[in-house]
Amino acid sequence: MSQTSLNLKETFAMKLKDFLVPLAFMLIVTSVFQYFFTSRNPDNSGAMADRSFIAPTTARVAEPLDYSIDFSGKDAHREKQITIVTTPTIRAQFSNDGAILESLAYKRFLSGQETFMETIVPSGIKDQGAFLVALNGIDSTPYYYDLIDHKTGDNTTVVAYKGESATATIIKQYTLYNDSYKIDLALTVQPKDEKHAVRPRLFLPGPALLDTDGFDVLKGILAKENKSLEKKSLKDLQLLGKEKPTLFGLE
């Protein structure tokens with residue numbers, strides 16, 4: 001073997017060594033960094049918790065929202081019946097028209113006096129009641145419900161309604177708690193025709209903010225990835241969404 005061939009082999013080996021040593025060091029450092037500083041959760045759900053996205057303005061991904069409601073029995077008239085529930089924490093009024101939560105006020109004490117802070121007030125508009133349920137299709141959404149249950153237990157009060165249309169039967173059961181400000185709603189939708197899909201929509205109006213001077217001062221509150229809070233004006237929130245929101249609300 002000639003001296004030239006030996007020199008070429010030695011040079012190649014030295015260059016290969018100079019390349020492999022930094023590469024191996026870089027791989028070790030990367031592995032250590034990933035082990036100690038990144039999440040090892042396979043689904044990585046925490047990283048997606050507050051990731052933002054912009055909703056599309058076209059119907060190429062999903063059907064656009066349908067804000068119209070076609071009530072059954074539109075020409076019928078029936079006297080409205082109000083059911084009032086008062087607990088140590090809240091005062092609520094339910095209506096058999098739409099089986100909605102018509103008004104809601106929380107009890108609070110200011111300077112030793114009991115007062116009420118209203119968050120839901122009667123709208124007087126047929127299709128804007130709190131927890132109104134609408135179904136897809138013509139003449140499909142019941143508006144007149146019957147009160148089928150109103151009972152008080154040791155710690156809870158239950159108010160239940162039942163409404164029917166040609167499309168489905170809807171049962172709405174509200175549960176109020178004496179030791180909590182929470183109200184649970186159990187919604188049961190029973191289609192009358194298994195051949196046609198029923199798509200219920202649940203309406204929840206924003207809370208009444210009667211102490212503010214104008215709605216232009218309101219800001220949306222969202223949780224950010226680093227656990228801090230982000231405030232945005234309402235006009236900037238029209239298309240903004242969160243994949244798995246951990247917190248959102250209004251200021």
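Predicted model: local features only at pLDDT ≥ 70, side-chain atom pairs only at ≥ 80, totals over all residues.

User: How many bridges join β9 and β10?
Analyst: The two strands pair in the antiparallel sense. One spot to look at is glutamine 173, which stands opposite alanine 186 in β10. Between β9 and β10, the count of bridges is nine.

User: Is threonine 175 buried or exposed?
Analyst: Threonine 175 belongs to strand β9 (residues 168-177). Leaving out residues up to four places away in sequence, threonine 175 touches Thr156, Thr157, Val158, Lys182, Ile183 and Asp184. Its relative accessible area is 13%, and the cut-off for buried is under 20%, so threonine 175 counts as buried.

User: On to the rings. What kind of aromatic pair do phenylalanine 71 and tyrosine 143 form?
Analyst: The structure has five aromatic pairs. For phenylalanine 71 and tyrosine 143, the centres are 5.0 Å apart and the planes sit at 70°. Planes over 60 degrees apart fall in one class, so this pair is edge-to-face.

User: How many residues apart are phenylalanine 71 and tyrosine 143?
Analyst: Phenylalanine 71 is in the loop between β1 (52-54) and β2 (82-86), while tyrosine 143 is in the loop between β6 (132-134) and β7 (146-152). Phenylalanine 71 is buried at 5% relative accessibility, and tyrosine 143 is buried at 12%. The pair links distant parts of the chain, and the separation is 72 residues.

User: Which parts does the pair of phenylalanine 94 and tyrosine 174 tie together?
Analyst: This pair is tilted, at 4.7 Å centre to centre with 45° between the planes. Both phenylalanine 94 and tyrosine 174 are buried. Because phenylalanine 94 lies in strand β3 (residues 90-95) and tyrosine 174 in strand β9, the pair ties together parts 80 residues apart in sequence: β3 and β9.

User: Last one: which lysine lies over the face of tyrosine 177?
Analyst: There are a couple of lysines to look at here. Lysine 172 lies over the face of tyrosine 145, at 5.7 Å from the ring centre. Over tyrosine 177, at 5.0 Å from the ring centre, the residue is lysine 182.

Terms used:
Residues numbered from 1 in each chain as written. Heavy atoms only, no water. Helix = DSSP H or I, 4+ residues; strand = E, 2+ residues; numbered from the N terminus. Buried < 20%, exposed > 50% of the residue type's maximum accessible area, 1.4 Å probe, protein only. Contact = heavy atoms within 4.5 Å. Phe/Tyr/Trp six-rings, centres within 6.5 Å; stacked < 30°, edge-to-face > 60°. Lys NZ or Arg CZ within 6 Å of the ring centre and 35° of its normal. Pairing = 2+ DSSP bridges.
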